[in-house]
Amino acid sequence: MKELTSSPAELNEPLAGVEHIAIIMDGNGRWAKKRLMPRNVGHKKGAENLRKLIKDADSLGLKYLSVYAFSTENWKRDKEEVESIMGLFRKYLTEYFTGNENKNIRVKLIGNLEALPKDIFQKGKEVEKETANYTGLTLIIAINYGGRDEIVRAAKKMLINLQKTNTLIENITEAAFEKYLDTYTIPHPEIVIRTSGELRISNFLLWQAAYSEFYFTNTLWPDFTIEDIKKAIEEYSSRERRFGK
């Protein structure tokens with residue numbers, strides 16, 4: 001990742017050198033509760049908001065957008081709520097990415113995907129294949145994802161490969177390990193955003209966000225817009241990134 005320069009010309013550009021933004025989409029339930037509605041209504045509204053934001057982010061010129069859609073811990077929620085969220089995934093993958101609305105959006109799913117319902121797993125792989133050569137925004141959807149789980153899965157895959165190839169321990173480096181992560185080939189996010197006012201990262205992109213800038217907003221996810229992203233970029237452009245130097 002490149003360190004942001006402070007030249008006026010760059011800071012006046014809409015993206016200020018930002019290629020990748022990651023978002024913890026939080027606040028669907030609270031959005032619904034404020035309106036005396038079921039939590040499922042909030043999740044539906046949040047999915048509709050993501051649909052619009054993807055289009056706006058692509059128009060802005062953003063190259064990568066990662067969204068935390070469902071964590072490894074979210075299975076602990078009420079069964080009806082989980083089933084509703086899975087239904088949204090089915091609808092989203094079937095109607096949105098295979099239709100004509102976003103023909104230039106490339107999709108990548110990350111997480112422990114094989115543990116998902118079989119039909120969602122298969123449809124996700126189909127969408128990845130169908131959009132692989134698209135040249136617009138790359139949307140990374142974290143589903144059944146946990147940062148610790150990703151690192152453990154990567155370590156297991158690396159160990160299996162080391163045993164097969166008799167690779168020396170001395171050859172284990174950060175760069176070598178990163179090849180086994182879900183996000184290999186995707187640049188680390190410059191900005192990680194969390195909506196709804198919560199001040200934690202909840203096991204999201206633990207490796208990748210090591211030197212990301214964090215931006216927290218009280219805005220609930222269904223109300224979050226491209227203008228909020230622009231505010232995050234503006235805040236980012238005022239910070240000095242030293243990467244430990």
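**Reading contacts, strands and pockets**

Modeller: Start at Thr131, whose side chain reaches the backbone nitrogen of Val107 at 3.0 Å. The model is predicted, so to speak of a local feature takes pLDDT of at least 70, and side-chain atom pairs count only at pLDDT 80 or more, while totals for chains, interfaces and linings use all residues. Numbering runs from 1 along each chain as its sequence is written, and side-chain values use heavy atoms, leaving out hydrogens and water.

Colleague: Where is Thr131 found?

Modeller: Thr131 is in helix H5. Helices (H or I, at least four residues) and strands (E, at least two) are DSSP runs, numbered from the N terminus.

Colleague: Is Thr131 buried or exposed?

Modeller: Buried is under 20% relative accessible area, exposed is over 50%, and partly exposed is in between (1.4 Å probe, protein chains only). Thr131 has 1% relative accessibility, so it counts as buried. Contact is heavy atoms within 4.5 Å. Leaving aside residues up to four places away in sequence, Thr131 touches Ile105, Arg106 and Val107.

Colleague: Which side chains make a polar contact with Gln208?

Modeller: A polar contact is a pair of N or O atoms within 3.5 Å; within protein, one must be able to donate a hydrogen and the other to accept it, and residues adjacent in sequence count only if both atoms are side-chain atoms. The side chain of Gln208 has such a contact with that of Glu150 at 3.1 Å. Another joins the side chains of Gln208 and Thr183 at 2.7 Å.

Colleague: Where does Gln208 lie?

Modeller: Gln208 sits in the loop between strand S5 (191–194) and strand S6 (213–216). Its relative accessibility is 2%, so Gln208 counts as buried. Residues up to four places away in sequence aside, Gln208 touches Tyr145, Glu150, Leu181, Thr183, His188 and Pro189.

Colleague: In which sense do strand S1 and S2 pair?

Modeller: Two strands pair if DSSP finds at least two bridges between them. S1 (residues 20–24) and S2 pair in the parallel sense over 5 bridges. Ile23 stands opposite Val67 in S2. S2 also runs parallel to S4, joined by 7 bridges. There, Ser66 has Ile140 in S4 as its bridge partner. S2 is mostly covered, with 7 of its 8 residues buried.

Colleague: Which residues lie nearest the centre of the largest pocket?

Modeller: On a 1 Å grid over the protein atoms alone, a pocket is an open set of points with protein on both sides within 12 Å along at least five of seven lines; lining residues have an atom within 4 Å of a point. Here 33 residues line the largest pocket, and Met25, Asn28, Tyr68, Ala69 and Phe70 lie nearest its centre. Elements that each supply at least two lining residues include helix H3 (39–60), strand S2 (64–71) and strand S4 (138–145).

Colleague: What gives the most to the lining of the second largest pocket?

Modeller: S3 does, with 5 residues. That pocket is lined by 18 residues; Lys108, Leu109, Leu113, Lys125 and Glu128 lie nearest its centre. Helix H5 (118–131) and helix H6 (147–165) are among the elements that each supply at least two lining residues.

Colleague: Which residue other than glycine has phi near 85°?

Modeller: Thr185 has that positive value. Thr185 is in the loop between helix H7 (174–178) and S5, and is exposed, with a relative accessible area of 61%. Ala16 is not a glycine either, yet has a positive phi of about 50°. Ala16 lies in the loop between helix H1 (8–11) and S1. At 2% relative accessibility, Ala16 counts as buried.

Note on methods: 1 Å grid on protein atoms, 1.4 Å probe; cavity = no way out; pocket = protein on both sides within 12 Å on 5 of 7 lines; lining within 4 Å.
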